[in-house]
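Reader: I'd like to go through the labels used for this chain and hear what backs each of them. Can we take them in turn?

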Amino acid sequence: MKTLIAYLLWPTLMVLCCTGTALGIAAGHELLGFNLSYAFLALSLFALERVYPFERAWLLDDGQMWPDLLHTLMSKGGVQLWVFSSAVIGAAGHSPATSWWPTDWPMWAQVLLTLVIAEFGLYWAHRLSHEWAPIWRLHAVHHSVTRLWFWNTGRFHIGNALTSIAFSAPLLWMLGAPGECLTWLSAITAFAGMLTHCNVAMRFGWLNYLFNTPELHRWHHSRVLSEGNRNYGENLMLWDQLFGTFLWPRDRRPPSDIGISEAMPVSFTGQLTFPFRRAQ
Ligand SMILES: [Zn+2]
């Protein structure tokens with residue numbers, strides 16, 4: 001029974017959050033629908049982490065709650081602002097190539113197309129953030145955490161968040177992706193993102209081949225570079241599969257000792273200036 005629940009948790013939470021968002025869109029209150037779904041997910045994961053943790057040691061305070069929150073507000077705030085302003089621009093038909101977008105497709109297919117296109121940019125932004133030293137120091141702020149839990153999902157340096165947007169937004173804009181597709185991209189990325197960081201003992205099975213699950217993301221946070229420089233997808237594993245960076249060791253548990261080799265300042269302001277200081 002416990003195993004069945006572990007397999008059902010991820011898809012059930014994802015479907016409930018998407019249903020809440022769809023109801024909000026249908027009622028003309030997309031922000032309300034999304035925000036209520038996001039709050040429901042956060043509260044659910046907070047409770048589940050205490051009842052059914054993947055790693056009990058990750059429940060202990062790491063002294064980073066305030067920096068985590070401030071990075072989240074700064075980076076996600078900027079990203080949300082961009083996505084919803086893009087949605088308004090898209091809805092107003094100001095996109096340069098609106099006719100290129102397959103508006104006659106069912107909405108679910110248009111959303112899937114949006115995800116696949118966005119993921120291509122997000123994949124390369126993330127991969128370069130690991131493989132190119134200057135922008136690794138921006139991304140290192142995210143990887144400096146020593147525990148994964150729903151709270152530090154949005155811990156990204158603002159420069160890191162803007163790099164991801166710069167890689168994923170232009171193609172969608174040029175193709176004329178409609179506002180509703182961008183709303184769905186934003187919502188699904190937010191839900192999948194919080195789930196990838198949660199400290200809940202879920203199981204995933206074949207879903208690992210398709211989606212960026214908490215299990216795959218725990219490997220991505222490994223201190224061992226050959227494990228950490230894998231699983232770059234934000235929502236989907238499609239581009240990791242095609243470019244050979246997919247990692248799912250079936251015979252081992254993901255690492256509990258996570259983090260980076262560099263020493264990261266403990267304060268928010270120290271972390272903001274860290275990428276621009278000379279490497280020690
Ligand atoms: Zn990373």
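**Labels and what backs them**

Author: Let's start with burial: of the 280 residues in the chain, 38% are buried. Keep in mind that this is a predicted model.

Reader: What makes Ser144 count as buried?

Author: The cut-off for buried is 20 or more other C-beta atoms within 10 Å. Ser144 has 21 such neighbours, so Ser144 is buried. This residue sits in the loop between helix H5 (133-143) and helix H6 (158-175). Beyond four places in sequence, its contacts are Gly259, Ile260 and Met264.

Reader: What is the angle between H5 and H6, and what is it called?

Author: Their axes cross at roughly 115° and come within 8 Å. Roughly perpendicular covers 65 to 115 degrees, so H5 is roughly perpendicular to H6. As for the hand, the crossing of H5 and H6 is left-handed.

Reader: Which residues meet there, and how do they divide by class?

Author: From H5 come Ile135, Leu138, His139, Val141 and His142, and from H6 come Gly159, Asn160 and Thr163. By class, this contact has 3 nonpolar and 5 polar residues, with no charged ones.

Reader: And why are H2 and H7 described as roughly parallel or antiparallel, whichever it is?

Author: The axes of helix H2 (residues 30-51) and helix H7 (residues 179-197) cross at roughly 5° and come within 10 Å. Angles under 35 degrees count as roughly parallel, so that is the label for H2 and H7. On the H2 side, Glu30, Phe34, Tyr38, Leu41, Ala42 and Leu45 take part, meeting Thr183, Ala187, Ala190, Phe191 and Met194 of H7. Sorted by class, the residues of this contact are 9 nonpolar, 1 polar and 1 charged.

Reader: Zooming out, how many helices and strands does the chain have?

Author: There are 12 helices and 0 strands.

Notes. Residues are numbered from 1 along each chain as its sequence is written. This is a predicted model: local features need pLDDT of at least 70, side-chain atom pairs count only at pLDDT 80 or more; totals for chains, interfaces and linings use all residues. Helices (H or I, at least four residues) and strands (E, at least two) are DSSP runs, numbered from the N terminus. A residue is buried if 20 or more other C-beta atoms lie within 10 Å of its own, exposed if 12 or fewer, and partly exposed in between; C-beta atoms are placed from the backbone. Two residues are in contact if their C-beta atoms, placed from the backbone, lie within 7 Å. Axes are lines fitted to C-alpha atoms, for helices over the stretch in contact, and angles run from 0 to 180 degrees between N-to-C directions. Angles under 35 degrees count as roughly parallel, over 145 as roughly antiparallel, 65 to 115 as roughly perpendicular and the rest as oblique. A crossing is left-handed if the near helix is turned anticlockwise from the far one by less than a right angle, and right-handed if clockwise. Ala, Val, Leu, Ile, Met, Phe, Trp, Tyr, Cys and Pro count as nonpolar, Asp, Glu, Lys and Arg as charged, and the others, Gly among them, as polar.
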